[in-house]
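Let's take a friendly walk through this model, one region at a time. Keep the viewer open and follow along.

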Amino acid sequence: MPVNFIGYIGCNNSSELHAGVRRRSLDREYVQAALRVQEDGGFDRVLIPFGSNSPESQIVAAYGAALTTRLGFLVAHRPGFTQPTLAARQLATLDQLSQGRVAVHIITGGADEEMARDGDVGTTKAERYARSDEYLGILRQEWSATAPFDHDGRFYHVRQAFSSVQPRNLPVFFGGTSAEAIDVAGRHADVYATWGETLDATREIVARVRASAARHGRTIGFSLSLRPVIAETEDAAWKRAAEIVEQVRANREAAGLPTSGHRPPNDGSRRLLETASGLRRDKRLWTGVAQVTGAAGNSTGLVGTPEQVADALLDYYALGIENFLIRGFEPLADAERYGRDLIPLVRERVAALDTRSRVAAG
């Protein structure tokens with residue numbers, strides 16, 4: 001199966017390495033440079049993040065699509081703040097104008113404080129997943145309906161909904177490790193997105209999600225998010241990883257943020273924090289930043305030479321992971337290095353592995 005690489009375009013050229021909290025200011029020159037570096041570097045898509053204090057992801061994606069010709073966009077989108085019929089038309093319009101280069105990553109939202117900043121006050125996590133379930137059902141119906149339709153549900157009521165614009169190719173990504181999340185993913189997602197865990201933990205979540213999809217008569221793909229740290233030698237890579245941890249720790253301490261004793265509100269972060277109980281796992285999995293930050297988002301990595309990290313990615317590929325979302329701690333410089341030193345190597349090794357598998361199968 002083909003392997004796909006997903007990059008990242010935040011709002012500016014910074015990360016946890018530069019400040020205790022993420023800065024959300026929009027730097028147009030950085031966005032232009034990040035688009036160019038990742039399109040030239042062979043990335044298939046870039047994730048445009050969503051947050052309660054972030055620039056709006058669909059607008060950034062539309063801007064990016066106008067400046068590129070091949071690069072795809074994974075638009076993070078949170079249900080509950082836009083009517084699903086309107087969101088369906090917005091995304092389908094973006095898909096049409098970009099000539100099929102858009103996917104959507106549904107972010108249900110696990111932290112009450114984050115949701116409240118956009119006016120979603122008092123909902124529980126279970127209610128939010130139930131709302132996402134209904135939202136995605138309407139979204140897909142709007143994309144495929146050939147005649148006006150009605151809907152009466154717990155969260156949404158629609159009369160004679162119909163869209164004159166429908167997507168050419170708009171995959172739905174979905175994440176979350178709770179039972180509710182996996183059920184919604186099995187029912188609606190084209191790709192299940194998870195963070196970088198051990199091979200055993202990844203094997204287990206892949207099996208759970210596949211079983212959920214099978215209950216609904218569906219198959220599903222997988223995406224894994226990692227922060228590779230690569231260098232010319234293994235020792236240099238681990239030295240760089242240690243420097244990153246200490247800088248992130250110093251930034252958090254300067255900002256008055258905790259560096260231990262974390263109690264994340266969402267299942268995915270709690271699961272990742274458990275993985276981070278050991279600094280190094282498997283061959284290359286590195287959890288230093290996850291330990292310090294409380295596994296806040298994509299915070300685990302693979303450490304080594306490009307060849308060593310490529311081999312580690314192949315171990316995940318063998319488990320069924322065909323999409324790798326990779327981003328670094330120096331966003332532009334790391335993206336350029338991934339495109340030059342890592343992505344071509346992984347593609348070459350995946351092609352060789354697939355060829356051997358076909359020959360063995362006769």
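Helix α3 passes helix α5 in a right-handed crossing, where a crossing is called left-handed if the near helix is turned anticlockwise from the far one by less than a right angle, and right-handed if clockwise. On the α3 side the contact is made by P84, T85, A87, A88, R89, L91 and A92, and on the α5 side by Y135, I138, L139, E142 and W143; contact means heavy atoms within 4.5 Å. Sorted by class, this contact has 9 nonpolar, 1 polar and 2 charged residues. Ala, Val, Leu, Ile, Met, Phe, Trp, Tyr, Cys and Pro count as nonpolar, Asp, Glu, Lys and Arg as charged, and the others, Gly among them, as polar.

The axes of α3 (residues 84–97) and α5 (residues 125–144) come within 8 Å and cross at roughly 50 degrees. Axes here are lines fitted to C-alpha atoms, for helices over the stretch in contact, and angles run from 0 to 180 degrees between N-to-C directions. The two helices are therefore oblique to each other: angles under 35 degrees count as roughly parallel, over 145 as roughly antiparallel, 65 to 115 as roughly perpendicular, and the rest as oblique.

## How to read the numbers

This is a predicted model, in which local features need pLDDT of at least 70 and side-chain atom pairs count only at pLDDT 80 or more, while totals for chains, interfaces and linings use all residues. Residues are numbered from 1 along each chain as its sequence is written, and side-chain values use heavy atoms, with hydrogens and water left out. Helices (H or I, at least four residues) and strands (E, at least two) are DSSP runs, numbered from the N terminus.

## The barrel and its closing strands

Which strands make up the closed barrel? There are 8 of them, in the order β1-β2-β3-β4-β7-β8-β9-β14, with parallel pairing. From one strand to the next, the twist averages 25 degrees. Two strands pair if DSSP finds at least two bridges between them.

Across from β14, S225 stands opposite L325, L226 stands opposite I326, and F5 has F324 as its bridge partner. N323 and L325 point one way from β14, F324 and I326 point the other way, and all are buried. Buried means under 20% relative accessible area, exposed over 50%, and partly exposed in between (1.4 Å probe, protein chains only).

## S225 inside strand β9

S225 lies in β9 (residues 221–226). Is S225 buried or exposed? Its relative accessibility is 8%, so S225 counts as buried. Leaving out residues up to four places away in sequence, S225 touches T194, W195, G196, N298, T300 and L325.

## Helix α11 and its partner α12

Helix α11 passes helix α12 in a right-handed crossing. Their axes, for α11 (residues 306–317) and α12 (residues 331–361), come within 9 Å and cross at roughly 45 degrees. That makes α11 oblique to α12.

In this contact, P306, E307, V309, A310, D311, L313, L314 and Y317 of α11 meet D341, L342, L345, V346, R349, V350, L353 and D354 of α12. The residues divide into 11 nonpolar, no polar and 5 charged.

## A hairpin with an exposed end

A hairpin joins β5 to β6 through 4 residues, and the two strands run antiparallel with 3 bridges between them. β5 has a covered face, F149 and H151, and an uncovered one, D150 and D152. D152 is in β5 (residues 149–152) and stands opposite H157 in β6. Beyond four places in sequence, D152 touches H157 and R159. At 53% relative accessibility, D152 counts as exposed.

Q160, in strand β6 (residues 157–161), has a positive phi of about 55 degrees although it is not a glycine. Q160 counts as exposed, at 52% relative accessibility.

Q99 also has a positive phi, of about 60 degrees, and is not a glycine. Q99 is found in the loop between α3 and β4 (102–106), and is exposed, with a relative accessible area of 60%.
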